[in-house]
Amino acid sequence: MHYKKSKEKLEVTLTGDFNLNAVRHISELLNDRTELNIDLKNSRFVNSKAIIFLHNLMIEEKGVIVRLKNPPKLFFKLLQILGLHKAWNLDEIVEP
Amino acid sequence: MDAHLYLEVTLPMLEPATDFTYKWCVNMGLVDDDAAKMTLAVDEVLTNILLHAYKPETGYVELWFQYTFSEIEITIWEKGEPFDPDRYIYSAEKAINENDFEGAALETIRQMPDHFLFLNLGKDGKEFRLVKKFADSLISDLASSGRDSDIVSSEQELAGDYKVAQVTVNDAEDIAKLIYRSYIYTYSKEDLYFPRRIEIAIMNEYKFGTMVRTKQNEPAGYFAVIKSTDSLIGEVGEVVVSPEHRRKGLMKIMMNELISMSRQKGLLGLFGMAVTTHLFSQKVNAKFGFKSTALLLATSSRSVYKGLDTKPSVTASVVLEFLPLIRRWRRPITIPELYKELLTEIYGQFEKQPSSPSQQNQPDSGSGKTDLKLNILYEKNSAVIIVLNMGTTFETSCLRMFRSIEELNLTSVYIDLPLNQNPLDKAITWLKEQQFILGGLMPLFHRETDYLRMQRILKDVDFEAIETHTEIAFKIKERIKSEYDALQKK
């Protein structure tokens with residue numbers, strides 16, 4: 001995993017799938033930062049643990065701003081399976 | 001290629017396991033999207049095992065990757081805490097309103113493959129089975145595009161005007177067209193309607209065969225051997241001769257070629273599963289020295305072969321016929337008393353058989369733990385349980401296995417007992433109490449060992465419709481029928 005930290009923001013480029021391992025790494029690095037950008041160009045999938053992790057970050061009281069770049073097709077499919085596709089503001093979360 | 005991973009359940013294990021899964025799926029022919037879905041399902045299962053199954057100890061997990069021409073199956077086995085997936089139902093409403101994501105991983109696992117099965121084997125652990133079918137173009141789609149014009153020929157060919165060659169991946173589309181043209185859509189092996197599946201099977205050497213073409217390079221016939229995955233034998237399982245090229249000796253040419261190729265590839269024997277709705281296949285097999293060894297009831301959809309008087313039906317039975325290719329194939333030292341007469345007669349058909357057994361062939365006394373392997377044949381709605389080791393826990397392990405597959409509503413369940421292990425008679429008697437009846441001898445069927453097949457048929461069987469060609473096949477049928485009738489009376 002490659003990352004860049006600033007006071008407010010954590011920018012991550014995953015080298016593999018967005019799985020439990022990645023969730024734990026990102027969680028450790030994020031601390032109290034309020035912005036999280038993740039580039040998923042190398043990911044084949046985002047698993048349910050990762051989706052729950054992002055969901056929880058976004059609904060926290062302080063609310064972390066999450067932005068995803070290059071999500072795989074399967075990410076949208078899983079979001080739909082879990083019924084979150086309408087609850088998430090994908091226009092803002094997913095970078096075009 | 002089938003594969004097996006045995007892994008310690010740790011966080012660093014996740015990525016290598018999922019990387020392997022993805023690459024294996026792609027190599028076996030899944031499109032990228034489907035390979036990613038299977039990989040995600042495996043990741044979810046492994047993550048759940050990591051988080052919940054072995055807490056707080058560490059444990060192990062086994063993954064079995066199995067390929068068939070129509071689908072791939074990944075089985076994940078673990079022996080951690082008991083778990084009931086039916087208790088974890090995901091609700092999107094609860095997730096959004098109450099932040100309760102219970103069951104999210106299981107919902108993902110259910111949705112990613114085409115089939116998901118959870119088998120609770122009690123003390124023998126738990127299995128998650130993930131199945132994905134290949135998404136390929138049907139041959140009819142290719143045919144409708146006008147590319148099938150090359151297979152129609154009104155010209156008469158002379159016997160000497162054919163050329164025979166080993167099948168290559170380039171023949172895949174022509175093979176599918178030949179099947180389509182000869183059987184329409186009633187051939188029992190659906191994979192043969194998908195050129196891509198044929199191509200991958202040839203490429204990965206799961207099958208090999210011969211192709212006969214006319215001088216004008218038109219496909220006239222195809223005959224292939226499908227290699228077994230757990231023994232050095234093969235099934236003469238796919239054969240077709242285009243209607244206008246029949247009665248010209250092509251079958252004979254191809255069969256001789258196949259036998260020769262099988263010897264060169266080191267196979268110990270060939271077997272055929274001849275349908276019993278007509279005698280054609282049984283007669284052909286007999287002509288080439290195959291001998292009847294078993295009758296398997298309700299195994300496949302019935303084919304309608306152009307030119308033969310057959311009617312479509314839901315299921316058909318098959319006679320198993322075997323041709324040994326080596327001299328060192330030997331009859332086991334012990335034959336179960338219950339079927340001694342019949343099995344002796346079956347073995348007696350083969351020349352140079354039996355030889356006196358060496359010390360190495362002494363039967364195993366069946367000590368230690370029972371080891372069973374379950375193969376679910378989804379398209380045939382049946383299952384084969386292979387007894388790899390008949391240990392002291394044979395009956396309880398079988399009962400656990402039967403219970404775990406109860407909900408699948410299978411048409412038939414087969415159990416293969418190794419003839420080099422004891423106590424066979426006790427196992428057979430017990431299986432008969434569990435409504436199993438004889439199937440017959442399965443020569444060299446698993447791990448180059450002879451097996452006795454017992455079968456439990458969960459639908460009505462019309463024995464009148466079962467035609468047998470050889471005397472021994474008729475005897476096997478009569479024995480099976482008497483056991484079947486006795487069971488019906490009970």
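Student: Where does Glu321(B) lie?
Tutor: In this predicted model, Glu321(B) is part of strand S12 of chain B, which covers residues 316-324.

Student: Is Glu321(B) buried or exposed?
Tutor: Glu321(B) is buried, and it has no salt bridge. The nearest side chain of opposite charge belongs to Lys291(B), 9.9 Å away.

Student: Which side chains make polar contacts with Glu321(B)?
Tutor: The side chain of Asn285(B) makes one at 2.7 Å. The side chain of Ser292(B) makes another at 3.5 Å.

Student: On to salt bridges, then. How many are found over all chains?
Tutor: A search of the whole structure gives 26 salt bridges.

Student: What does Lys369(B) form a salt bridge with?
Tutor: Its partner is Asp124(B), with the closest N and O atoms 3.3 Å apart. The pair links distant parts of the chain, 245 residues apart. Lys369(B) sits in the loop between helix H10 (340-348) and strand S13 (371-377) of chain B, while Asp124(B) sits in the loop between strands S4 (115-120) and S5 (126-133).

Student: How accessible are Lys369(B) and Asp124(B)?
Tutor: Lys369(B) is partly exposed at 48% relative accessibility, whereas Asp124(B) is buried at 16%.

Student: What about helix H13 of chain B? Which side chains meet in a salt bridge with Lys481(B) there?
Tutor: Lys481(B) meets Asp485(B) at 3.0 Å, N to O. Because these residues are four apart in helix H13, about one helical turn separates them. Both are partly exposed, Lys481(B) with a relative accessible area of 26% and Asp485(B) with 29%.
Tutor: A further case is a network of salt bridges with shared partners, which joins Asp17(A), Arg44(A) and Asp19(B).

Student: And which residue pairs with Glu471(B)?
Tutor: The side chain of Lys475(B) does, in a salt bridge of 3.9 Å, N to O. Glu471(B) is exposed at 61% relative accessibility, and Lys475(B) is partly exposed at 31%.

Student: Changing topic: which residues gather in a patch of negative charge on the surface?
Tutor: They are Asp84(B), Asp86(B), Glu406(B) and Glu407(B). Glu406(B) belongs to the loop between helix H11 (394-405) and strand S15 (412-418) of chain B, and it is exposed, with a relative accessible area of 56%.

Student: Last one, on the backbone. What is phi of Arg247(B)?
Tutor: Phi of Arg247(B) is near 60°, a positive value in a residue other than glycine. Most residues other than glycine have a negative phi. Arg247(B) is in the loop between strand S9 (233-241) and helix H8 (250-264) of chain B, and is exposed at 87% relative accessible area.

Technical notes: Residues numbered from 1 in each chain as written. Chains lettered and ligands numbered in written order. Predicted model: local features only at pLDDT ≥ 70, side-chain atom pairs only at ≥ 80, totals over all residues. Heavy atoms only, no water. Patch = residues over 30% accessible without salt bridge, like charges linked within 9 Å, V, L, I, M, F, W, Y side chains within 5 Å. Areas by Shrake-Rupley, 256 points an atom, 1.4 Å probe, with all protein chains shown as cover. Salt bridge = Lys/Arg side-chain N within 4 Å of Asp/Glu carboxyl O. Lys, Arg positive; Asp, Glu negative; His and termini not counted. Charge placed at Lys NZ, Arg CZ, Asp CG, Glu CD. Helix = DSSP H or I, 4+ residues; strand = E, 2+ residues; numbered from the N terminus. Buried < 20%, exposed > 50% of the residue type's maximum accessible area, 1.4 Å probe, protein only. Polar contact = N/O pair within 3.5 Å; in protein donor to acceptor, adjacent residues only side chain to side chain.
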